[in-house]
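Subject: Structure for you to look at

Hello,

I am passing on the structure we spoke about, with some notes to read beside it. Please keep it open while you go through them.

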Amino acid sequence: MDSTATDRFDTSRFEASRSRLASLAYRLLGSAADAEDAVQDAFLHWQAADRQRIKVPEAWLTKVVTNLCLDRLRSARARRERTVGAWLPEPLLDGDPMLGPADSFEQRESVSLAVLTLMERLSPLERAVYLLREAFSHSHAEIAETLDITESASQQHLHRARRRITAARRGGGEADPASARRIVEEFLAAASSGRTERLVALLTDDATAISDGAGLTERLLRYDTPQRVAAVARAGLKPTPAKRRLAGGTSAVHYALVNGAPAILFVVGDQVVGAVTFDIADGKIATVRGIAAPARLVRLTRSWRRHEPDAPLVAQW
């Protein structure tokens, strides 16, 4: 095989792993853009490596991507951005290959916005061990090899990660899809019409709301009682001329699944200009997340343009 044919063969071996690597990187970083960069960096490492000496390419590439992501998580820039409370995971439309394996509850949960946010409480190593074990079913021996730690250390990191996530996780398990959609539709209708009492009734007693302020604020905006959540939802979801100008036109409001959770998307033309996601617990809304910073909606918009949506909940918002 000549060098050109070898390069084509080796490139195809990398491409066969690209989706899995991107899914791992996204879970580790919570950012599709950063995940794409990490996978591209891994490709450059692959091209520069002596590939004849790599016995198991999938394991080698997993190690490279994981460590590239850990380097990003440990960087001064990442610590600064995540510490000051200016960070939310980047939302992805269901069906996006970057969401990766979704056969088990653990795999689906690991890519939810709730768990991606909770993983900020873990150290980078705990995060990597947790994801390699829970989402990708690696053995502790494989994890130890990937992270250059002992199997005992891998087990300890996993135990701590599980304990921290379990302690902070909201109850309720996976919501029934039809019930979740009904609750979200009722929430949108109540917010749009200003029915505060109905909004509060749809929320858990410890409901919270988080907004990125459309990227116009340095810190996330947080609201931590049902009454405050209802008030901000009523104000935020009531259409006004000023909001239409900010969005660039009149939006259609669509129901969608984002990172496995119910969501409403505000779409102008073929551009997603806002996403509101909901965590459902025991038949009520536990968390509302509003994401409208344009940089956080780039990949979601790309997926939306390939998507065949249902009829909008609101044709002209």
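The model contains an open sheet of six strands in the order 2-1-6-5-4-3, with mixed pairing (strands, E of at least two residues, and helices, H or I of at least four, are DSSP runs numbered from the N terminus; two strands pair if DSSP finds at least two bridges between them). At the edges lie strand 2 (221–223) and strand 3 (252–258), each of which pairs on one side only, and from one strand to the next the twist averages 20 degrees (axes are lines fitted to C-alpha atoms, for helices over the stretch in contact, and angles between N-to-C directions run from 0 to 180 degrees). This is a predicted model, in which local features need pLDDT of at least 70 and side-chain atom pairs count only at pLDDT 80 or more, while totals for chains, interfaces and linings use all residues. Residues are numbered from 1 along each chain as its sequence is written, and side-chain values use heavy atoms, leaving out hydrogens and water.

Within the sheet, strand 4 (residues 261–268) and strand 5 (residues 271–281) pair in the antiparallel sense over six bridges, and V268 stands opposite Q271 in strand 5. Helix 14 (residues 298–305) lies across strand 3, strand 4 and strand 5, and runs at about 100 degrees to strand 5.

Elsewhere, V111 sits in the loop between helix 5 (105–110) and helix 6 (113–118). V111 counts as buried because its relative accessibility is 5% (buried means under 20% relative accessible area, exposed over 50%, partly exposed in between, with a 1.4 Å probe and protein chains only). Leaving aside residues up to four places away in sequence, V111 touches Y26, R27, L99, L116 and N259 (contact means heavy atoms within 4.5 Å).

Best wishes
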